[in-house]
Amino acid sequence: MQAKIMLLPSSSKGKTLCSYAEELFLEISASFSHSLNTVREKIGEDSIRLFDVPLTQETLDACKKCHAVFLADADCEGSRALYQSMGIPLRLRSFVIPQSLANDAISARQMYLCQATSLEQESLFLAVRQALQFASGQELPFCHVAPTGNSRFQWEAHVKENIKKYPSLSFTALSAADAVRRIIETPYNIGVMLCPPYAGGILESAADSLFPFPGIQYDFCLQEGTGIYAPRLSCDTNAMPEPFGAAYAVAAMLRNSLHMNREAACLEAAIENVLVSGWRTPGMPSPGQATDGSHIIQLICEQLAVAGEFLHKGSGH
C-alpha cells in the first residue's frame with residue numbers, strides 16, 4: 001500500500017514525537033512491503049513564530065491531500081485551528097490501561113470520551129453518528145450526555161433513531177453528574193461516552209484521575225478522507241515526550257484511516273510485548289526497566305521486524 005502521512009509538530013517535544021512516528025512508519029513500510037511516506041509542516045507555536053498564525057492555509061491544504069495526520073501540538077492552539085478548519089465534528093480521547101500495566105491496585109480498562117466540537121445542529125448529529133459507529137466497531141458499550149437547552153431533544157431523538165442501526169449495542173443516557181459518577185465508580189465498563197463540547201473538560205478531569213498512564217493515551221478523529229491522530233502531551237514543561245502514546249496513535253491510524261488491520265494488530269502486539277518485558281520510560285509511574293523514548297521505539301521496531309519476517313515466511317515468499 002502507498003500512503004502519504006502529514007507530520008505536524010509544534011515545539012521540540014512535538015518534533016520528538018513526530019520522529020518516533022516516522023521511525024515506526026519506516027519500519028512498517030520495510031517489514032510489511034508498504035510505502036508510507038511522510039511530510040512535515042509547521043503548526044502551533046512554530047507556525048506563529050514564522051507566520052503569526054497557528055495554522056496557515058498552505059498547511060491546511062497539504063493536510064487535506066494526505067491520508068492521515070499525526071499531530072503533536074503541545075499548546076493546543078494549532079490543534080483547535082486544525083479541527084475547526086477541517087470541520088471535525090468529533091474528537092475521541094482514549095483512556096486505556098492495557099493488561100500489561102494492570103496490577104493489584106489498578107485494573108485493565110478501556111474508555112473513550114467522545115466530545116462533539118460544535119453545537120451547530122448538523123455537526124452535533126454527525127458527531128452522534130460517528131460515535132455510535134465507533135462504539136459498534138469496537139464492540140464497546142455506548143452512553144451519552146445530552147446537551148442542555150434547545151439542542152437536547154433533537155440530540156436525544158437523533159441518538160434514538162440511529163441506535164436502531166446497532167441492535168446489539170448496549171446504550172445508556174446519562175446526566176453530566178451521573179456521567180462523572182460512573183467514571184469514578186465504574187470506569188472499567190463505560191466503553192464509549194459521548195458528550196457535547198462544554199461537558200468534555202469536566203469528564204476529562206474525572207477520567208484523568210483514574211487513568212494514571214497519560215503517556216500511553218492519544219486523541220483522534222475519524223474524519224472522512226483525512227483522520228487526525230494526536231498523542232497526549234503533558235503540560236509539564238519538564239516532562240519528556242512519551243513514545244508509547246505515539247506508537248498507540250500510529251496503530252489507531254493504521255487501523256482507522258489506512259485500513260491496515262494486520263499491521264495495526266502487529267504494532268499493538270509489539271507495544272504490549274515491550275511493556276510486558278518491563279520496559280518503561282522515566283515518566284511512567286510503574287516499576288520496570290527505565291530507558292529513553294528512542295530505545296522504546298527501537299524495541300518496538302525490532303518486534304515489528306520479527307512479525308513482518310514471520311508473516312513473509314508464512315505467505316510462502
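Predicted model: local features only at pLDDT ≥ 70, side-chain atom pairs only at ≥ 80, totals over all residues.

Reader: Which residues in H7 meet which ones in H8?
Author: In H7, Ala176, Ala179, Val180 and Ile183 meet Ile202, Leu203, Ala206 and Ala207 in H8. Contact here means heavy atoms within 4.5 Å. Helices are DSSP runs (H or I, at least four residues) and strands are too (E, at least two), numbered from the N terminus.

Reader: Fine. At what angle do the axes of H7 and H8 cross?
Author: Roughly 15°, and the axes of H7 (residues 176-185) and H8 (residues 200-208) come within 9 Å. Axes are lines fitted to C-alpha atoms, for helices over the stretch in contact, and angles run from 0 to 180 degrees between N-to-C directions. H7 and H8 are therefore roughly parallel to each other; angles under 35 degrees count as roughly parallel, over 145 as roughly antiparallel, 65 to 115 as roughly perpendicular and the rest as oblique.

Reader: Is that crossing left-handed or right-handed?
Author: H7 and H8 cross in a right-handed way. The crossing is left-handed if the near helix is turned anticlockwise from the far one by less than a right angle, and right-handed if clockwise.

Reader: And how do H9 and H10 pack?
Author: H9 (residues 243-256) and H10 (residues 261-276) pack at about 160°, with axes 7 Å apart. That makes H9 roughly antiparallel to H10. The crossing of H9 with H10 is left-handed.

Reader: What sort of residues are in that one?
Author: The contact of H9 with H10 has 12 nonpolar, one polar and four charged residues. On the H9 side they include Phe244, Tyr248 and Arg255, and on the H10 side Asn261, Glu263 and Leu275 are among them.

Reader: New topic: where is Thr281, and is it buried or exposed?
Author: Thr281 sits in the loop between strand S11 (279-280) and strand S12 (289-290). Thr281 counts as buried, at 6% relative accessibility. Buried means under 20% relative accessible area, exposed over 50%, partly exposed in between (1.4 Å probe, protein chains only).

Reader: Which side chain does Thr281 make a polar contact with?
Author: The side chain of Glu242, at 2.5 Å. A polar contact is a pair of N or O atoms within 3.5 Å; within protein, one must be able to donate a hydrogen and the other to accept it, and residues adjacent in sequence count only if both atoms are side-chain atoms.

Reader: What about Ser33, what's its phi?
Author: Ser33 has a positive phi of about 60° although it is not a glycine. Ser33 lies in the loop between helix H1 (11-32) and strand S2 (35-40), and is exposed, with 62% relative accessible area.

How values were computed: Residues numbered from 1 in each chain as written. Heavy atoms only, no water. Nonpolar A, V, L, I, M, F, W, Y, C, P; charged D, E, K, R; others polar.
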